[in-house]
Amino acid sequence: MTNVLTLTNVSKSFGALKVTDEVSFAVPKGQALGIIGPNGAGKSTLFNLITGNFLPDTGSITLLGRDVTRSPAMDRVRMGVGRSFQIPQPFEGLTVFENLLTAAAYGQGKREVEVQDTCVSILGDTELLSKANTLAGSLSLLDRKRLELARAMATGPKLLLLDEIAGGLTEGECLALVATIKALHAQGITIIWIEHVLHALTSVVERLLVLDFGRIIGVGDPDAIMASKEVREIYLGMEV
Amino acid sequence: MTHSVTTRTRASSIAGIAALALIGVGLILPAFASRSLIQDLFFILTMLTLAQLWNLIAGFGGMVSVGQQAFVGIGAYAMFAGVILWGWDPVPAILLGGLAAFLLAIPMAFFAFRLAGAYFAIGTWVIAEITRLLVAQWKTLGGGTGTSLPREATADIIGVATIADVFGLRDAAARDVLAYWLALALAVGTMAAIYALLRSRTGLALAAVRDNDNAAQSVGVDARRVKWTVFLSAATMTGFVGALIYVQTARISPDAAFSVTNWTAYVIFIAVIGGIGRLEGPILGVLVFWGLQTVFADYGSWYLLALGLLAIATMLFAPRGLWGLIHDRTGIALFPVQRRLVTTEPNKT
């Protein structure tokens with residue numbers, strides 16, 4: 001099986017603080033990998049390293065067989081890295097449909113007319129079709145989260161990065177979103193998903209990675225990881 | 001169900017026809033209109049063009065520049081340099097104005113793009129002031145007191161003699177007609193170009209960068225390139241307008257050509273009153289501004305005070321300007337740019 005993404009000994013420091021410490025892992029094509037860890041463990045930083053918003057101090061990142069360690073973020077989007085932000089960042093002055101058009105046209109390097117159909121079908125997949133002509137700035141939180149997902153999908157990703165997309169939603173909303181993500185995953189997209197809402201995460205991912213103080217402290221089968229003593233102590237803060 | 005995408009509204013089709021008719025009327029107007037009307041229209045058209053250009057970078061691009069007078073001034077001085085130093089005809093020398101503004105915009109963008117928000121605004125203003133102080137040192141072009149276009153240069157501007165013959169006008173009036181036509185061409189050309197840009201893929205990218213720079217880059221938009229392109233284009237066009245204004249007045253000084261009041265404060269007023277971020281805004285705004293100017297300009301500083309208060313009131317109570325109010329009430333968009341997804345149910349037969 002080929003790997004979509006490989007990180008080898010990646011480290012990143014801000015001043016004296018080492019937020020990513022010798023991180024190595026690979027994500028095979030088609031896998032959904034979950035990342036958990038306490039606040040400040042370096043989860044979002046890891047995403048920023050993968051997308052190219054931050055450059056690592058040491059180590060290397062390989063995307064679809066190409067070394068992208070120093071490639072700018074834009075190139076990686078074009079290669080197929082789509083991301084959703086933890087705090088939704090819609091283009092508020094544009095409609096939902098225009099948000100997708102922008103992402104699709106630029107993410108895939110195509111003309112607007114060539115991506116219209118794709119955008120319409122993504123709107124359908126993410127249950128946003130009825131809001132297509134609504135200004136993104138006036139959406140509810142659930143729809144903003146859906147838009148984050150839809151916009152990331154519109155860039156035509158081979159690797160989809162989801163940053164706490166279920167956070168802040170009600171139980172019902174969360175289930176609806178999980179169903180959407182499951183359906184996308186069934187289409188064969190590789191996913192890396194950071195999430196605190198564990199039941200949402202474990203209902204989708206096949207593999208779980210635990211970060212603490214920038215280091216990987218466990219990776220493997222979700223059930224085994226959740227059951228391990230170390231994870232329960234460090235992440236869940238439970239007495240075992 | 002089938003889907004189609006459109007930007008057209010019923011009002012926009014009517015507006016398109018009305019715009020063409022207005023341009024037609026505008027072209028033949030000098031045959032009937034008085035000289036003072038032509039001069040008023042010249043003022044309206046040049047201020048409209050400046051306001052549309054400011055609206056492009058600030059309203060659509062989120063780059064709130066308070067230094068647009070730099071491009072008006074440098075454009076005007078470049079035109080003067082072409083005429084006085086190299087003996088160019090003033091009309092082709094307008095091209096030098098655009099070139100000079102383009103060249104000045106490169107270092108200005110280089111420094112100002114490192115700043116954000118209010119600091120960007122202050123930065124552009126400071127650079128404009130520095131340019132004014134430097135130009136005031138240019139002794140051949142009159143230094144701090146300024147200079148006039150030489151009589152022989154204004155006497156035989158290309159086309160003026162023909163206009164004077166055809167319309168039976170004196171040379172000075174014929175010069176106004178020529179300047180008016182050029183202003184009309186610049187205004188129409190600028191608005192057509194901005195409209196085309198907003199309806200293109202780049203228009204989406206510009207809005208995305210304005211709304212969220214970071215997210216724009218995460219979907220593959222080259223934010224730097226979009227900002228540079230729009231800023232440099234607007235500066236170049238502003239340079240053309242500046243040069244044209246000073247072909248018409250034929251007299252220049254650094255304080256007038258680099259006036260922050262005339263070329264940026266008034267321009268912002270026009271865009272704010274009319275409606276920022278809409279092509280219709282400055283059209284409405286310039287008419288309001290011209291009306292106020294005509295009626296109240298004699299009141300001096302009271303007039304300026306009133307303009308300021310009016311702008312503040314608009315920003316507080318109708319932040320999207322007069323056109324925003326009209327649009328909210330009626331939904332009319334004369335120059336729509338929004339891509340609307342239209343869903344049609346198939347006919348059941």
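The model is predicted: local features need pLDDT of at least 70 and side-chain atom pairs count only at pLDDT 80 or more, whereas totals for chains, interfaces and linings use all residues. Residues are numbered from 1 along each chain as its sequence is written, and chains are lettered from A in the order in which they are written.

Chain A has nine helices and 10 strands, where helices (H or I, at least four residues) and strands (E, at least two) are DSSP runs numbered from the N terminus. Its radius of gyration is 18 Å, close to the 18 Å that the globule rule gives for 240 residues, so chain A is as compact as a globular protein of that length; the radius is taken over C-alpha atoms, and the rule is 2.2 Å times the number of residues to the power 0.38. Of the 240 residues in chain A, 47% are buried, that is, have 20 or more other C-beta atoms, placed from the backbone, within 10 Å of their own.

The domain assignment, which is automatic or from a database, divides chain A into domain 1 (1–80 + 187–240) and domain 2 (82–156), with 25 Å between their centres, taken over C-alpha atoms.

The contact between the chains takes 29 residues from chain A and 22 residues from chain B. On the chain A side, α3(A) gives the most, with eight residues.

The table sets out residue classes, in which Ala, Val, Leu, Ile, Met, Phe, Trp, Tyr, Cys and Pro count as nonpolar, Asp, Glu, Lys and Arg as charged, and the others, Gly among them, as polar.

| Residues counted | Classes |
|---|---|
| Side of chain A that touches chain B | 13 nonpolar, nine polar, seven charged residues |
| Contact of α9(B) with α11(B) | six nonpolar, one polar, one charged residues |

In chain B, the axes of helix α9 (residues 201–211) and helix α11 (residues 223–249) come within 10 Å and cross at roughly 105 degrees. That makes α9(B) roughly perpendicular to α11(B), a term for angles of 65 to 115 degrees. In this pair, B:Thr202, B:Ala205, B:Leu206 and B:Val209 of α9(B) meet B:Ala223, B:Val226, B:Lys227 and B:Val230 of α11(B).

Terms used
Two residues are in contact if their C-beta atoms, placed from the backbone, lie within 7 Å. A residue is buried if 20 or more other C-beta atoms lie within 10 Å of its own, exposed if 12 or fewer, and partly exposed in between; C-beta atoms are placed from the backbone. Axes are lines fitted to C-alpha atoms, for helices over the stretch in contact, and angles run from 0 to 180 degrees between N-to-C directions. Angles under 35 degrees count as roughly parallel, over 145 as roughly antiparallel, 65 to 115 as roughly perpendicular and the rest as oblique.
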